[in-house]
Amino acid sequence: MGKMTVFHGSYTTVEEPRIIRGKNTKDFGPGFYCTLIREQAERWARRYDTKIVNTYTVRMNTSLRLLEFKEMTEEWLDFIIHCRHGDPHDYDIVIGAMADDQIYNFIADYMDGILTREQFWAMARFKYPTHQINFCTAAALKCLEFISSEEVLL
């Protein structure tokens, strides 16, 4: 995997990313979340009064443990459910589709027994594409190089 550009939506400039362990569990566990899709980073930034999109270049370290979900699969769904339950994993970087609010509502309904797995997939497959990269460890964060930040007017 060569060099790539990723984006992080925030309320501030983040020159030195760090692992974020929030009170709410995330799709791929604690970490620093970025995306290849600038518009998605802008959507993340919309949650804040000051909307900042940070830009980084990434050069993957091949010695790191990487898990990539190229599409939404049964394994992707099970991994997100485990992470949302707070179960740890031992990957340095996890890449895949994001369970945005709508998808997560479908996952919650599946976890609560309201939807079957088949019903979940029927509803989830019609959502627009999303992308996220979670840098889960200090070693993974070293792959990031801060380039710039800019306030976006939305």
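## Worked exercises on a predicted model

Phe 32 touches His 8, Val 14, Pro 17, Arg 18, Ile 20, Tyr 56, Ile 133, Asn 134, Phe 135, Leu 141 and Leu 144, leaving out residues up to four places away in sequence; contact here means heavy atoms within 4.5 Å. Before we dig in, note that this is a predicted model, where local features need pLDDT of at least 70, side-chain atom pairs count only at pLDDT 80 or more, and totals for chains, interfaces and linings use all residues. Residues are numbered from 1 along each chain as its sequence is written, and side-chain values use heavy atoms, with hydrogens and water left out.

### Exercise 1: Phe 32 and Lys 3

Work out which strand holds Phe 32 and whether Phe 32 is buried or exposed, then do the like for Lys 3.

Step 1. Phe 32 belongs to strand β2, residues 32-34. Strands (E, at least two residues) and helices (H or I, at least four) are DSSP runs, numbered from the N terminus.

Step 2. With a relative accessible area of 2%, Phe 32 is buried. The cut-offs are under 20% for buried, over 50% for exposed and partly exposed in between, with a 1.4 Å probe and protein chains only.

Step 3. One of its contacts is His 8; the C-alpha atoms of Phe 32 and His 8 are separated by 8.6 Å, and the two are 24 residues apart along the chain.

Step 4. Now Lys 3, which lies in strand β1, residues 3-10. Its relative accessible area is 53%, so Lys 3 is exposed.

Step 5. Beyond its neighbours within four places in sequence, Lys 3 is in contact with Thr 57, Val 58 and Arg 59. Lys 3 and Arg 59 are 56 residues apart in sequence, yet 4.7 Å apart in space, C-alpha to C-alpha.

### Exercise 2: the aromatic cluster

Find the rings that cluster with Phe 79, and classify the pairs that Phe 79 makes with Phe 69 and Tyr 91.

Step 1. A pair of aromatic rings is described by the distance of the centres and the angle of the planes. Rings of Phe, Tyr and Trp (its six-membered ring) pair if their centres lie within 6.5 Å; planes under 30 degrees apart count as stacked, over 60 as edge-to-face and the rest as tilted.

Step 2. The structure holds nine aromatic pairs. Phe 69 and Phe 79 make a tilted one, at 5.6 Å centre to centre and 50 degrees between the planes. This pair links distant parts of the chain: Phe 69 is in the loop between β4 (66-68) and α2 (74-84), and Phe 79 is in helix α2, 10 residues apart.

Step 3. Phe 69 is buried at 10% relative accessible area, and Phe 79 counts as buried at 13%.

Step 4. The rings of Phe 79 and Tyr 91 have centres 6.2 Å apart and planes at 65 degrees, so this pair is edge-to-face. Since Tyr 91 lies in the loop between α2 and β5 (93-96), the pair ties together parts that are 12 residues apart in sequence.

Step 5. Tyr 91 counts as partly exposed, at 22% relative accessibility. The charged end of Arg 65 sits over its ring, 4.7 Å from the centre (the test is NZ of Lys or CZ of Arg within 6 Å of the ring centre and within 35 degrees of the ring normal).

Step 6. Put together, Phe 28, Phe 69, Phe 79 and Tyr 91 form one aromatic cluster.
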